[in-house]
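The sequence and structure come before the explanation.

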Amino acid sequence: MSKALLLTPLVVFVLSILYAAQPPAKKSEDSGAPTQATYGFAAPVRLEAAGKPIDTEIGHAAPLVVDFDGDGKNDLLVGQFGDGILWVYKNVGTNAQPKYAAGVKFMEGKWDGRVPTG
Ligand SMILES: [Ca+2]
């Protein structure tokens, strides 16, 4: 399987969080009927960190957008199956227009920073 195919779910997942998240439907106070919420996906784009496409060494990428370092800007975390590594991509842009620094392995990829896979 090509890396592009492995990366596609990551891109779609992250984009769905960054650009398409909408608050859940609320019930109308007048009628009790749920109001219509609209959801959708933005056009896919290849995410980059430090000017290079984000990828994993071995597939089964598990992305999460969260403020990992508490600076108020959402970072990108990507877990990979291979070696149980967690990649941390610090957001050096803004939440509206994220820009990611080069990925670093959580706890330098040492044993204590990994999730055993088998
Ligand atoms: Ca952050």
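Helices (H or I, at least four residues) and strands (E, at least two) are DSSP runs, numbered from the N terminus. By that count the chain has 1 helix and 6 strands, and along the sequence they follow the pattern α-β-β-β-β-β-β. Residues are numbered from 1 along each chain as its sequence is written. The model is predicted, so local features need pLDDT of at least 70 and side-chain atom pairs count only at pLDDT 80 or more, while totals for chains, interfaces and linings use all residues.

The predictor's confidence in each residue is its pLDDT, from 0 to 100. The chain averages 82, and 72% of the residues score at least 70. Confidence is lowest in helix 1 (residues 3-19), with a mean of 52, and highest in strand 4 (residues 75-79), at 97.

A residue is buried if 20 or more other C-beta atoms lie within 10 Å of its own, exposed if 12 or fewer, and partly exposed in between, with C-beta atoms placed from the backbone. Buried residues make up 16% of the 118 residues in the chain. Two residues are in contact if their C-beta atoms, placed from the backbone, lie within 7 Å. Of the contacts with a separation of 6 or more, 38% join residues 24 or more positions apart.

Next comes the sheet. Strands of a sheet pair through backbone hydrogen bonds, either parallel or antiparallel. Two strands are taken to pair if DSSP finds at least two bridges between them. Here an open sheet of 4 strands has the order 3-4-5-6, with antiparallel pairing. Its edge strands are strand 3 (62-66) and strand 6, each of which pairs on one side only.

Strand 4 and strand 5 are antiparallel and share 4 bridges; Gly 79 stands opposite Leu 86 in strand 5. The hairpin of these two strands has 6 residues between them, and there Asp 83 takes a positive phi near 65°. Strand 5 (residues 86-89) also pairs with strand 6 in the antiparallel sense, over 2 bridges. Across that pairing, Trp 87 stands opposite Lys 105 and Val 88 stands opposite Val 104.

Where does Gly 113 lie? Gly 113 is in the segment after strand 6 (104-105). Gly 113 counts as partly exposed because it has 14 C-beta neighbours inside 10 Å. Not counting residues up to four places away in sequence, Gly 113 touches Leu 86, Lys 105, Phe 106, Met 107 and Glu 108. Gly 84 is 29 residues from Gly 113 in sequence, and their C-alpha atoms are 8.5 Å apart in space.
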